[in-house]
Each structure stands twice: as C-alpha cells, then as structure tokens.
2 protein chains.
Amino acid sequence: MKKIGMLGGIGWPSTIEYYRLLCELSQAYHRDKCFDGPVPMPEIVIESLSMNFTVNHRGSSVPGSWHAWDSYLNQALRRLQAAGAQIIVIASVTPHTRLAEISVGIEVPVVSIYQAIGDYCRAENIDKLLLLGTGPTMSSPAFGQAMQSFAVQAFSPPTDDLKAGTVDIIHRLYRNQLEGAAGDIDDLVRNCLSSENLAIDFTTTAVCLGCTELPTAFADEKNRPSFSRDGICYLNSTVLHARAVFEACVI
Amino acid sequence: MKKIGMLGGIGWPSTIEYYRLLCELSQAYHRDKCFDGPVPMPEIVIESLSMNFTVNHRGSSVPGSWHAWDSYLNQALRRLQAAGAQIIVIASVTPHTRLAEISVGIEVPVVSIYQAIGDYCRAENIDKLLLLGTGPTMSSPAFGQAMQSFAVQAFSPPTDDLKAGTVDIIHRLYRNQLEGAAGDIDDLVRNCLSSENLAIDFTTTAVCLGCTELPTAFADEKNRPSFSRDGICYLNSTVLHARAVFEACVI
C-alpha cells in the first residue's frame with residue numbers, strides 16, 4: 001500500500017473521520033486475504049493545521065490577498081511530500097478551490113474531492129447538486145466548473161441568509177457541537193428548495209454535503225456514501241473522498 | 001502553542017482518541033480567552049505506522065532481535081522532528097519500554113506516559129497498580145522500574161493464562177471491536193485478584209489500563225483520567241498522557 005499524506009485539522013472532527021474510514025477500509029480490504037499478525041494498514045502521515053490561522057487568513061478577490069493562506073497550506077503539503085507520502089488527500093473541501101496555488105512544487109498526486117464526487121454522480125445518474133459548503137466553496141466557481149465536466153449542474157443556497165445559515169452550522173461542527181445540527185441542515189435544505197420554488201426530483205438531484213464537517217452531523221450515516229432523510233438525498237463527501245483515496249492507495 | 005508530533009497507528013483507535021482529546025483540551029483551554037475566528041489549535045503532525053510491521057518485528061531477549069523494530073520507530077520519530085515537532089508523544093505504551101533505543105538522534109522532548117501515570121498516582125495517593133498491557137509491556141521491567149520512582153508498586157496478571165487473556169482483548173480492540181470488551185476486562189481483573197488471593201484496597205490500588213487501546217473499551221469514560229466500576233478503580237492511560245502532552249504544549 002502507498003503511504004498516504006493527509007492535510008488535516010481544517011477542521012479536526014472530519015480529520016478523525018477520514019483517518020477512521022481509511023483504517024476501516026483497510027480492515028475490510030484485508031478481510032479475506034492471508035497475512036500474519038494484525039491487519040495491515042497503510043502508513044499515514046497527517047499534518048493537522050490550525051483552522052484559526054486558515055480562516056483568519058482567507059483572501060478575497062484582491063490580488064495577492066491569499067498569499068499567506070496559500071503559503072501555509074503549500075508548506076504543509078511540502079512536509080507531507082518530504083515525509084514520504086506517495087498520494088495526498090486534503091481532508092477539507094475549501095482548499096480544493098485553490099489547488100493549483102497550494103500545489104506548487106508538489107509532485108505527489110493529490111486525490112481530488114471534486115473527482116470523487118463527480119465520479120459518484122456519474123455512476124448514480126445524479127445530474128444536479130445543491131452545494132452546501134463554506135463561504136469560499138459556495139462563492140468560488142471552482143466546484144461548479146469541476147462538476148460541469150461530469151455533466152452535473154451545481155447550485156448554492158439561493159439567498160445570503162441561507163448561505164449564512166449554512167456557514168453557521170459548519171462553525172458549530174468545527175467544534176464538534178453536533179446537537180441539533182442534522183435537523184438544522186434538513187430545515188435549511190427545505191428552505192433552499194422552497195425559496196427557489198424548485199420541483200426537485202431526488203432520484204437525479206442530491207444535496208452535496210460539500211464541507212467535510214457537514215457529514216459529522218449525521219452520525220448514523222457516517223459510513224455511507226449517500227443516504228436519504230425525509231425524501232432528501234444527501235451525498236457524504238467525506239466517505240466518497242476517503243474511498244477514492246483508499247482505492248488510489250492499493251492500486 | 002508548540003507543534004506536537006505524534007507517533008500513532010499502533011493501534012489506530014487510540015490514535016483517534018489522543019487526537020480528539022488534544023483538540024478538545026485546546027477548546028477547553030481557550031474557552032475564556034479572547035481570540036478572533038475559530039478556536040486556536042496546536043499544529044499536530046502524526047506519523048501513523050503499520051501495526052502489522054511492529055507486531056511482526058517485535059524482538060526477544062536475543063541481542064539484536066529488536067533492530068528492525070527500533071529502526072522503524074526511530075525513523076518515524078526523526079520524520080516528526082524534521083516536520084517541526086517541538087514536543088513528541090508516542091501514542092502507545094509498548095514503545096516506552098524501548099524509549100532509549102528508538103530516541104537516538106531525537107532532540108525534541110518526548111512526553112513519557114510513565115511520567116503521566118506516575119504523577120497521577122502520586123497526586124491521588126495510589127501506591128499499587130495492576131498493570132494490563134501488551135506482552136512486551138507486561139514482561140519488560142521498564143514499567144515497574146519507572147513506577148518505583150513514584151513509590152508505586154506495579155504487578156502484572158499473575159498467570160500466563162490471564163496475561164494471554166489480556167492480550168486477546170487488546171487484539172480485538174486493535175480492530176476497534178468494542179463489543180463485550182469492557183465486561184471481559186472486568187472479569188479478567190476479578191480473576192487476577194482472586195487468583196492472587198489479594199485483599200485489594202481500591203482507595204490506594206488501581207488497575208492501569210496500560211495499553212492505550214484498553215480505555216477504548218469504556219466509551220462512557222473516554223474523557224476521565226480514572227473511573228470506578230463495581231468497586232474497581234481504573235486508570236485511563238490515554239487521558240493521563242494526552243493531558244500531560246497538552247500541558248507541555250502550552251507551557
């Protein structure tokens with residue numbers, strides 16, 4: 001198995017989920033295989049960063065405003081590479097909006113969460129995604145453009161209030177405050193759909209939990225790539241991404 | 001806060017617990033402090049190793065037999081140091097038996113789990129410990145010698161069967177198979193005490209869960225340094241160690 005390098009800590013609850021999922025995927029992978037001793041695990045190096053720094057140093061549309069942020073993540077990726085990582089996973093959706101900038105000098109392949117989500121949508125005939133994520137994820141064109149190559153149309157919550165409501169929930173989850181979060185996400189999704197006055201067909205449309213903290217709200221569904229609640233279909237971006245990383249690890 | 005380097009993966013369930021505890025300790029530490037944005041977290045670099053390698057390469061009393069094992073752990077500690085770790089935590093009790101050998105070339109201070117356990121015993125007037133741990137932990141004199149400097153007498157399960165029973169439970173926990181483990185540990189402890197025919201006073205004697213996987217069996221007690229069940233006092237080595245690491249991190 002290849003050594004995995006993980007950029008984590010932004011936030012820490014989803015880093016735990018990535019690590020747990022990778023270890024459990026290795027256990028499942030080895031279930032019918034012969035080996036001596038404990039279940040083989042990939043070596044994993046994790047750089048857990050300070051989210052206080054990343055959130056306080058987010059840039060804007062002003063040129064150069066992302067410099068400190070880009071540099072902080074790039075240095076961490078370089079440390080993962082120096083530690084022998086053979087594939088890299090960024091355990092967070094937001095940094096994928098600036099993948100080109102933070103990957104300067106990184107020769108190790110980075111397993112993209114966009115690719116993992118897009119592949120799943122294509123396999124499951126999902127062609128429309130309501131994207132719930134952080135401010136940068138919802139405002140940047142990066143996610144939508146990436147989905148277009150999978151023939152998937154992505155749209156964010158339609159009002160500033162609904163976007164702010166999404167971010168509020170995410171900030172509670174950053175602290176692992178799970179109480180009431182699942183119901184609040186359900187309500188938010190219903191408000192998004194009624195505000196848009198959309199007739200949503202949940203056989204081909206899904207809600208993308210497009211911040212890796214969001215799936216932690218649904219503890220009972222923590223191992224499933226997608227799940228339904230009251231007719232709403234949710235995609236668990238963390239599970240989709242961790243599965244793609246493990247596949248790349250054992251190829 | 002200092003950057004923490006963690007040697008993990010042996011096994012992975014307790015690595016999750018160390019990481020979670022450190023992040024929650026940082027949240028508690030910052031509760032009444034002023035800061036902008038998300039709760040500040042220490043940067044943490046984790047090298048998660050393959051327990052298949054470490055268990056299959058354990059040595060014996062034959063000179064040189066630990067060479068591959070020592071080298072594997074030493075290289076990982078060197079990578080943590082190279083990644084900028086300012087304090088190191090080995091998230092496992094067993095490697096502490098060979099701390100001198102694996103720390104060659106490491107200038108960063110390693111926060112010892114023996115010290116964390118010994119300090120707690122002294123503060124709580126505990127002078128006797130039943131040590132449950134891996135084979136190397138129970139057979140090496142290292143733990144007992146370390147406890148002597150805290151005026152604590154440590155003893156292992158008194159028969160080979162009871163030692164093997166301890167190791168069996170640990171091997172289930174390495175896979176995160178928690179079902180029935182807590183009750184099995186309770187039974188094992190009672191068998192140890194009755195086999196010794198000891199009149200144990202649980203105000204001054206405790207059972208040291210001396211493998212960091214063992215506390216994962218007691219999910220309800222996962223944040224407590226010690227807890228009682230049916231009159232038996234248990235020490236949670238993971239919580240004691242994580243607290244000592246966080247204290248060293250913020251000094």
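1. Symmetry. Chain B superposes on chain A by a rotation of 180 degrees with 0.0 Å of shift along its axis, at an RMSD of 0.0 Å. The two copies are thus related as by a two-fold rotation axis. The superposition is by least squares on the C-alpha atoms of residues with pLDDT of at least 70 in both copies. In chain B, the C-alpha nearest the axis belongs to B:Ile46, 2.5 Å from it. The same surface serves both copies, since 100% of the contact residues of chain B recur in chain A, where contact means heavy atoms within 4.5 Å.

2. Basis. This is a predicted model, in which local features need pLDDT of at least 70 and side-chain atom pairs count only at pLDDT 80 or more, while totals for chains, interfaces and linings use all residues; side-chain values use heavy atoms, with hydrogens and water left out. Residues are numbered from 1 along each chain as its sequence is written, and chains are lettered from A and ligands numbered from 1 in the order in which they are written.

3. Extent of the interface. In chain B, 36 residues are in contact with 36 residues of chain A. About 2,900 Å² is buried between the chains, and carbon and sulfur atoms give 55% of this area. Buried area is the accessible area (1.4 Å probe) that two parts lose on being put together, summed over both. On the chain B side, B:Trp12, B:Tyr19 and B:Pro38 lose the most area to chain A, together 22% of what that side buries.

4. Strand β2 (residues 44-48) of chain A is joined to β2(B) by five bridges, and the two run antiparallel. Two strands pair if DSSP finds at least two bridges between them. A:Ile46 has B:Ile46 as its bridge partner in β2(B). B:Ile46 is also the residue of chain B whose C-alpha is nearest the axis.

5. Salt bridges. The rule (a side-chain nitrogen of Lys or Arg within 4 Å of a carboxyl oxygen of Asp or Glu) gives 22 salt bridges over all chains. Two of these are found across the interface of chain B and chain A. One joins the side chains of A:Glu47 and B:Lys3 (2.9 Å, N to O). The other joins A:Lys3 and B:Glu47, also at 2.9 Å, N to O. This pair crosses from A:Lys3, in the segment before β1 (4-8) of chain A, to B:Glu47 in strand β2 of chain B.

6. Polar contacts and composition. Across the interface, 19 residue pairs are in polar contact, with both residues at pLDDT 80 or more. A polar contact is a pair of N or O atoms within 3.5 Å; within protein, one must be able to donate a hydrogen and the other to accept it, and residues adjacent in sequence count only if both atoms are side-chain atoms. On the side of chain B that touches chain A, α1 (12-29), β2 (44-48), α2 (51-56) and α3 (67-82) each supply at least two residues. Helices (H or I, at least four residues) and strands (E, at least two) are DSSP runs, numbered from the N terminus. α1(B) gives the most, with eight residues.

7. Backbone points to check. The peptide bond from A:Ile10 to A:Gly11 is cis, with omega near 0 degrees, and A:Gly11 sits in the loop between β1 and α1 of chain A. In chain B, a cis peptide bond joins B:Ile10 and B:Gly11.
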